Amino acid sequence: MKKLFPLVAIAGVAFPAVTFATDADAFSILGTIATFLSYVTPGLVTIAVIFFIWTVIKYTMTKDEAQKKKAKDNIVPALIGLFIMVAFWGILTVVSNTFGVG
């Protein structure tokens, strides 16, 4: 017990969350990242959706084959990027709700 006490005392001073002296979220890097991404992600998804819609409009409205091919080549990457962002957003939400960070 005498050997354990200094270790617990040091942990209590160094990490106030261990002694319940502060909120555990205050020291959570995951909480900081989740907060930052909760502000950034909707904007990025909005930009991706606008890019996808703009690319589809360019594809359907243009008569030039070169521009049509260029627009067609951008549709699939736009969809893949949009899918990845939404999937990442969903995974982040599940993880933050699981660990009680968000």
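Buried residues are those under 20% relative accessible area, exposed ones are over 50%, and partly exposed ones lie in between (1.4 Å probe, protein chains only). By that definition, 17% of the 102 residues in the protein chain are buried.

The model is predicted: local features need pLDDT of at least 70, side-chain atom pairs count only at pLDDT 80 or more, and totals for chains, interfaces and linings use all residues. Residues are numbered from 1 along each chain as its sequence is written, and side-chain values use heavy atoms, with hydrogens and water left out.

**Overall make-up**

The protein chain has three helices and zero strands, in the order α-α-α from the N terminus. Helices (H or I, at least four residues) and strands (E, at least two) are DSSP runs, numbered from the N terminus. Of the contacts (heavy atoms within 4.5 Å) between residues at least 6 apart in sequence, 51% join residues at least 24 apart. Accessible areas come from the Shrake-Rupley method with a 1.4 Å probe, and for residues only the protein chains shown count as cover.

Val49, Ile53, Ile57 and Met61 make a nonpolar surface patch of about 360 Å². Patches are made of residues with over 30% relative accessible area and no salt bridge, like charges being joined within 9 Å and nonpolar side chains (Val, Leu, Ile, Met, Phe, Trp, Tyr) within 5 Å. Ile57 lies in helix α2 (residues 29-61).

**The loop between α2 and α3**

Thr62 is located in the loop between α2 and α3 (65-99). Leaving aside neighbours within four places in sequence, Thr62 contacts Gln67 and Lys68. A polar contact is a pair of N or O atoms within 3.5 Å; within protein, one must be able to donate a hydrogen and the other to accept it, and residues adjacent in sequence count only if both atoms are side-chain atoms. The side chains of Thr62 and Gln67 form such a contact at 3.1 Å, and the Thr62 side chain also reaches the backbone nitrogen of Asp64 at 3.4 Å.

Asp73 pairs with Lys69 in a salt bridge, with 3.1 Å between the closest N and O atoms. These two residues are four apart in helix α3, so about one helical turn separates Asp73 and Lys69.

**Relative accessibility of the residues discussed**

| Residue | Relative accessibility | Class |
|---|---|---|
| Ile57 | Ile57, 41% | partly exposed |
| Thr62 | Thr62, 14% | buried |
| Lys69 | Lys69, 52% | exposed |
| Asp73 | Asp73, 42% | partly exposed |

Notes:
Salt bridge = Lys/Arg side-chain N within 4 Å of Asp/Glu carboxyl O.
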